[in-house]
Amino acid sequence: METVLIIIGVVLLVLIVSGALLVAPARRRARGARAAAPRQGAPPGRAGSAAGAAAGALAPPAPAAAAAPAGVVETPPPSAGRMARLRGRLARSQSAFGSVLLGLLSSGRLDEARWEEIEEVLIGADMGVGPAAALVERLRTQVKVAGTRDLAQVRAMLRDDLVAQAGPDLDRGLRVAPHGDRPAVVLIVGVNGTGKTTTCGKLARILVGDGRTVLLGAADTYRAAAADQLQTWAERVGARVVRAGREGADPASVAFEAVRAGIAAGVDAVIVDTAGRLHTRAGLMDELGKVKRVIDKHAAVDEVLLVLDATTGQNGLRQARVFAEVVDVTGIVLTKLDGTAKGGIVIAVQRELGVPVKLVGLGEGPDDLAPFDPETFADALLGS
Ligand code: GDP
């Protein structure tokens with residue numbers, strides 16, 4: 001009889017302990033899984049996204065459903081100092097600019113014609129006509145006042161001016177800290193092809209690498225491939241993704257569901273990818289305005305990051321103007337800086353919008369997105 005009672009007691013104890021483990025908070029489980037998981041390499045592209053879509057537990061009906069993370073979860077590296085580490089990517093594409101400029105400064109007489117050539121090189125780097133002329137004027141005066149032709153000194157003056165032009169005092173911090181039990185909300189906007197979806201994925205990695213939890217919303221409902229791609233990025237870092245049950249669903253309702261799911265899951269930040277169809281200004285305004293309004297019902301939008309392709313020059317600036325008219329852009333993400341010698345676009349676009357470049361894309365790898373740093377930028381422009 002005694003033995004029977006002891007066995008019943010042990011069984012009850014086991015049941016109680018396993019029950020307690022099952023109700024452990026989801027957030028702690030997610031963090032634990034991330035910490036324990038091994039790391040991987042290549043970036044998820046559109047081609048590899050079908051597997052991700054298949055692995056995700058999509059649950060129609062429309063408008064949106066949260067897919068649970070599946071597969072191996074990676075631990076991305078923290079973002080601090082990343083631009084300095086990736087500087088080689090920038091320096092390689094800018095080296096022609098730097099060497100031509102320094103060649104001009106060091107050779108022969110610095111006469112009117114030579115200064116004009118220097119100005120042309122700066123304009124050629126997409127810095128903008130006004131800023132290039134102003135920079136040359138300042139440098140000319142400084143060289144005259146200092147009475148120096150010493151290349152190291154002139155180079156240092158030029159570097160200092162470039163740093164100043166890049167706005168060393170601008171607040172480039174990403175507002176991604178949660179507000180109590182509400183997540184920070186980051187809207188990613190920009191024209192298709194600029195690297196918008198890739199940036200959502202890379203940003204998710206940055207946040208996870210910096211110790212935050214994220215949820216991604218695939219509100220670009222016009223392209224199933226974009227949602228698939230986003231899902232693959234999300235799964236790799238153990239994040240959840242909310243996507244439409246069908247192509248062409250209302251982007252605003254996906255954004256709404258993403259933020260609601262983010263609040264329910266207790267994540268730190270929700271990143272929402274939006275459609276970048278620049279069909280008409282009014283259409284864009286309607287769509288992005290609606291997305292923002294519905295999100296505002298749940299939580300404030302903390303960041304609106306405009307993604308621009310650095311290789312598109314003036315065209316990129318035109319896009320920037322249109323988006324800035326439609327939404328309050330809080331930061332710029334300049335992608336593909338690794339593929340252009342026109343790094344001066346950083347200066348031009350900041351002047352144009354009065355908004356800081358917060359992140360720069362320096363390659364196609366998953367961790368090739370870096371917080372922008374003016375000093376590293378100036379050094380890279382000068383090819384050092
Ligand atoms: P979206 O249409 O704006 O969402 O653009 P995607 O995110 O699909 O990106 C378009 C292409 O640009 C992809 O092939 C990306 O790998 C590529 N891309 C994005 N950012 C960068 C970058 O910083 N450097 C380079 N070299 N390629 C990039």
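Trainee: Which residues come nearest to the ligand?
Mentor: Of the 19 residues around the ligand, those are G195, K196, T197, T198 and G361. Here "around" asks for a C-beta atom, placed from the backbone, within 6 Å of the molecule. Bear in mind that this is a predicted model: local features need pLDDT of at least 70, side-chain atom pairs count only at pLDDT 80 or more, and totals for chains, interfaces and linings use all residues. Residues are numbered from 1 along each chain as its sequence is written.

Trainee: And which helix gives the most to that shell?
Mentor: Helix α9 (residues 196-209), with 3 residues. Helices are DSSP runs of H or I, at least four residues, and strands are E runs of at least two, numbered from the N terminus.

Trainee: Switching to strand β2, is it buried or exposed?
Mentor: 6 of the 6 residues of β2 (residues 184-189) are buried, so the strand is largely enclosed by the rest of the structure. Buried means 20 or more other C-beta atoms within 10 Å of a residue's own, exposed 12 or fewer, partly exposed in between, with C-beta atoms placed from the backbone.

Trainee: Which residues sit on each face?
Mentor: A184, V186 and I188 are on one side, and V185, L187 and V189 on the other. In a regular strand the side chains alternate between the two faces of the sheet.

Trainee: What does β2 pair with?
Mentor: β2 runs parallel to β5 (residues 269-274), joined by 5 bridges, and parallel to β6 (residues 301-309), also through 5 bridges. Pairing takes at least two DSSP bridges. V186 has I271 of β5 as its bridge partner, while V185 stands opposite V301 in β6.
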